[in-house]
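Hi everyone, thanks for coming.

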Amino acid sequence: MHLPFCVSRCRYCDFNAWAWRGQDLGRHVDAILAEARLRAAELAPQTVFLGGGTPSLLPAEELARLLDGLAEITGFRGGSIETTIEANPESLDAATAQAAREHGADRLSLGVQSFRPEVLRAYDRAHGPEEVVAAVAAARAAGFRRLNLDLIFAFPGQDPADLAADLGRAVALAPEHLSCYELSFEPGTPLTRARDAGRFPPADPEERRLELFEQTRRLCAEAGLRRYEVSNFARPGAECRHNLAYWRSLDWVGLGAGAAGWRDGERRRNLERPEEYEAAVFAGRDPAAERERPDPRTIAFDCLMMGLRLEEEGVWLPRVERIAGVDPRRVWPEELERLQREGLVELAGERLRATARGFVLLDSVLTRLAPGTPV
Ligand code: SF4
């Protein structure tokens, strides 16, 4: 479920997020619940993820109403094995954390990004480092035993000591899970425009960023957080079950403005503008803006693209065949052979994995398999 509003827009963000300017949040909760009712037949969730945007922007009573409404429609509290809420430090207070926990969430993911005030300002984040500490305390006091912190590394000029300091402060808060993403300059974001206009430094050379990537893995491992996906680290058993479903290309249903979904071989995305989305669902219309049924080769590629991100697990090929209708070994026989000979991927029984070297070079491995690449 996607709640598309945030206190303000962060400069690097390319999600469907809109600065909150007093829009009626109660009406928006009604809209999401209206979509859930329209699509109730699709909803029997094993995991629930309330993301955004900033779900913790909702007043406690609206958050409770959203979770109660979803429970009534889907029965998720009885059947779900994980319910995550995303939160940002400036809006997660004791009442919101408590409402989330009491009404069904058992995992909380907090957008921290950095502990350096100047970096947070450069990103236009709406919080400082001290609010992170207070938000973690609120989450723990509300009873959250599964906590994730999101960090961004490779701010231009970041050196290993800076990264160690940021990770050290995150680890000191004892999260069960850390997500550490490399800063990316997505097309059309204010950050990319600033860089292109010479008002923001460009990314450091790849070699330097890879050094920080490796350092992240090492420092997390020393703190007992094992990398299980390119950017995700967890204590044993604390892996995010919802995100594992994405990486395993299982079905998911997206509710909310701009929410994407993948189910029964169909990809879809909802209308992005909150007011258009609300108008559609209140009129009883499906708010889908795009729907497509990709061909088997594209689906198989997507399965590899997602699954090779899982460091040890990799991709279980019979599952790909079940989902895509084709076995990647038949689609890319020669290229997969070459990648194995070059030591970039390995086959262990029916499981395809990136090797340690292939994992670092994952983008170029995938480029060689991408639809449109000659075989
Ligand atoms: S808080 Fe998250 S979703 Fe909202 S603008 Fe910032 S990065 Fe994007």
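**Around the ligand**

So, the shell around the ligand: its residues divide into six nonpolar, four polar and two charged. For those classes, Ala, Val, Leu, Ile, Met, Phe, Trp, Tyr, Cys and Pro count as nonpolar, Asp, Glu, Lys and Arg as charged, and the others, Gly among them, as polar. Quick caution: this is a predicted model, where local features need pLDDT of at least 70, side-chain atom pairs count only at pLDDT 80 or more, and totals for chains, interfaces and linings use all residues. Residues are numbered from 1 along each chain as its sequence is written, and side-chain values use heavy atoms, with hydrogens and water left out.

Who's in that shell? Among them are Cys6, Arg9, Tyr12, Gly53 and Arg125, with "around" taken as a heavy atom within 4 Å of the ligand.

Now two helices (DSSP runs of H or I, at least four residues, numbered from the N terminus; strands are E runs of at least two). The axes of helix 2, residues 60–74, and helix 4, residues 94–102, come within 9 Å and cross at roughly 10°. Axes here are lines fitted to C-alpha atoms over the stretch in contact, with angles from 0 to 180 degrees between N-to-C directions. That makes helix 2 roughly parallel to helix 4, a label for angles under 35 degrees. Ala60, Leu63 and Leu67 of helix 2 touch Ala95, Thr96, Ala99 and Ala100 of helix 4, where contact means heavy atoms within 4.5 Å.

Last, an open sheet: three strands, order 14-16-15, antiparallel pairing. Pairing takes at least two DSSP bridges; strands 15 and 16 have four.

How values were computed: Parallel < 35°, antiparallel > 145°, perpendicular 65-115°, else oblique.
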